[in-house]
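Work through the exercises below with the sequence and the 3D view open beside you. Try each task on your own before you read its solution.

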Amino acid sequence: MTSPPQRPGKIIALHLNYRSRAAQRGRVPDQPSYFLKPPTSVAASGDVLERPAGTELLGFEGEIALVIGRAARRVRPEDGWSHVSGVTAANDFGVYDLRYADKGSNLRSKGGDGFTPLGPAVLPAAGLDPAALRLRTWLNGELVQDDTTADLLFGFGRLVADLSQLITLEPGDVVLTGTPAGASVAGPGDVVEVEVSTTQQTAGLKTGRLVTPIAGGTVPFGPYGALPRVDEQQRADAHGTSEPGFVLTGDLRERIESVGTATLSSQLRKRGYNAVSIDGLTSTKPGTRLTGRARTLRYLPYREDLFRTHGGGYNAQKRAVDALGPGDVLVMEARGERGTGTVGDILALRAQVRGAAGIVTDGGVRDVTAVSALDIPAYHAGPHPAVLGRRHVPWEADVAIACGGAAVCPGDVIVGDADGVLVIPPQLVEEVVDAAVEQERQETFIAEQVAAGERVEGLYPMNEHWSGRYAEWQR
């Protein structure tokens with residue numbers, strides 16, 4: 001193994017390349033897209049990185065870096081990997097506070113000195129399977145990113161080929177290949193670590209941990225350029241809590257929980273959405289409301305060879321639980337199979353510790369008494385003592401799934417109460433909630449009239465007479 005280049009000729013970084021990250025961002029690119037980072041942004045393991053003075057959102061993104069070993073110009077995808085001499089760990093740091101000023105170039109937001117730590121060692125490409133590498137990131141010792149190159153949208157050979165159509169890649173150039181879900185924010189006093197290793201099937205090789213301590217900057221920005229600024233959307237993006245375009249704010253969450261799922265279901269039906277209820281489930285906390293954003297996990301039916309390769313160790317089920325963040329709801333596709341558990345007390349507790357809002361599965365739950373004692377609700381099809389390997393193979397996370405007869409996409413809003421669980425597309429939430437609040441206000445008025453002895457004819461639904469009375473009642 002060798003050391004990474006201290007001053008590459010070019011550093012080319014990829015925007016989106018892991019399915020988990022694409023799901024988190026709410027978009028899957030058709031083709032790879034790139035940006036450049038200055039060679040002066042390179043740092044070594046152990047180098048302290050300053051969060052620039054006046055900024056709030058220093059984002060980290062653990063990545064696998066390709067080190068080009070021989071010149072590549074107009075190569076084919078099947079030959080691209082042969083131009084790579086090795087891989088190493090990288091951290092694509094950036095300040096979200098300056099994204100608005102870059103117009104998509106990422107020059108200032110991601111090009112600062114020290115913003116591209118590499119190392120500590122380079123794994124030789126010879127003998128490596130580029131589709132069998134594992135990337136992990138730790139924040140203050142807690143594992144926050146864990147994914148493999150089996151989850152890539154665009155393979156390494158394809159990236160080299162695509163870039164080489166217009167740009168000659170030269171020995172020593174570095175290509176950053178994207179980050180999985182779990183990237184977030186670090187501040188002064190934090191330590192971020194990244195490591196690349198081979199997977200269990202080819203175990204044994206590791207880059208070692210790329211360590212970056214974070215310190216607070218002391219030199220303020222001058223008034224002769226764009227100054228840092230943030231908003232709630234930037235905070236949500238930086239912390240990895242939502243994709244652009246929709247934020248489940250505290251105020252919106254309160255409004256959702258002020259109305260019942262029965263009312264929300266009526267408003268969805270008025271808009272043509274008739275298949276958005278997750279059916280056949282029971283809550284471990286019937287009196288607790290569930291509101292959050294969907295993170296998804298899919299199980300395949302049990303098959304011996306698939307379980308051998310995907311069922312053991314740090315599998316997709318455990319990775320999905322560890323990737324949960326505040327307000328997330330883990331929704332699991334178990335095909336309605338009740339004959340085994342899909343989650344037990346330890347992983348449910350881990351979800352609670354991660355800040356998750358709840359768990360939804362159309363399969364069974366183990367240790368149901370212990371799970372019921374937790375603070376977060378778990379909606380399930382029934383208890384069962386068996387482990388998931390009896391009927392399931394944990395397969396993939398953060399993809400569109402089917403659960404209890406409903407389609408669920410990562411980022412959908414999940415709402416549950418004693419009546420059941422609904423899936424609300426993010427673009428409909430504001431409209432549906434506003435209408436549901438008004439519907440329940442009208443029903444409060446109608447209930448008062450019925451309690452006073454009025455007939456329901458003309459009152460429910462209200463005719464012109466009662467609509468006028470309702471307007472007076474509101475005033």
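**Exercise 1. Determine how the residues lining the largest pocket divide into nonpolar, polar and charged, and where in the chain they come from.**

Step 1. The lining of the largest pocket divides into 16 nonpolar, 13 polar and 12 charged residues, where Ala, Val, Leu, Ile, Met, Phe, Trp, Tyr, Cys and Pro count as nonpolar, Asp, Glu, Lys and Arg as charged, and the others, Gly among them, as polar. The model is a predicted one, in which local features need pLDDT of at least 70 and side-chain atom pairs count only at pLDDT 80 or more, while totals for chains, interfaces and linings use all residues. Residues are numbered from 1 along each chain as its sequence is written, and side-chain values use heavy atoms, with hydrogens and water left out.

Step 2. The search runs on a 1 Å grid over the protein atoms alone: a pocket is an open set of points with protein on both sides within 12 Å along at least five of seven lines, a cavity is a set of points where a 1.4 Å probe fits but cannot get out, and lining residues have an atom within 4 Å of a point. The volume of the largest pocket is about 950 Å³, a volume being the space filled by probe spheres set on the points, which are joined across faces, edges and corners.

Step 3. The pocket has 41 lining residues, and the closest to its centre are Asp147, Thr148, Tyr314, Ala316 and Arg319. Among the elements that give two or more residues to this lining are helix H1 (19-25), strand S12 (142-148), helix H10 (316-322) and strand S25 (392-397); here helices (H or I, at least four residues) and strands (E, at least two) are DSSP runs, numbered from the N terminus. Strand S12 gives the most to the lining, with 6 residues.

**Exercise 2. Find how many cavities of 30 Å³ or more the whole structure has, and name the residues that line the largest.**

Step 1. The search of the whole structure finds 1 cavity of 30 Å³ or more, and the volume of the largest cavity is about 30 Å³.

Step 2. Its lining is made by Arg295, Thr296, Ala320, Leu324, Leu330, Ala397 and Asp398, which by class are 4 nonpolar, 1 polar and 2 charged residues.

**Exercise 3. Decide whether Asp328 is buried or exposed, and list what it touches.**

Step 1. Asp328 lies in strand S20, which covers residues 328-333.

Step 2. Asp328 counts as buried because its relative accessibility is 9%; buried means under 20% relative accessible area, exposed over 50%, and partly exposed in between (1.4 Å probe, protein chains only).

Step 3. Leaving aside neighbours within four places in sequence, Asp328 is in contact (heavy atoms within 4.5 Å) with Arg293, Arg295, Ala323, Ala356, Ala357 and Gly358.

**Exercise 4. Describe the largest nonpolar core and the elements that supply it.**

Step 1. A nonpolar core is a set of buried Ala, Val, Leu, Ile, Met, Phe, Trp, Tyr and Cys residues joined through side-chain atoms within 4.5 Å. The largest one has 31 residues, and those with the most contacts inside it are Ile64, Leu66, Trp81, Val87, Phe156 and Val160.

Step 2. Elements that each supply at least two residues of this core include strand S6 (62-68), strand S7 (84-91) and helix H5 (156-164), and helix H5 gives the most, with 5 residues.

Step 3. Apart from this core lies another, of 21 residues, among them Val343, Ala351, Ala356 and Ala378.

**Exercise 5. Locate two cis peptide bonds and two residues other than glycine with a positive phi.**

Step 1. A cis peptide bond joins Gly119 and Pro120, with omega about 0°, and Pro120 is found in the loop between strand S9 (116-117) and strand S10 (123-124). Another cis bond joins Tyr460 and Pro461, with omega about 5°, and Pro461 is found in the loop between helix H13 (429-451) and helix H14 (464-474).

Step 2. Arg74 has a positive phi near 55°, and Arg74 counts as exposed because its relative accessibility is 62%. Arg335 has a positive phi of about 65°, and at 34% relative accessibility Arg335 counts as partly exposed.
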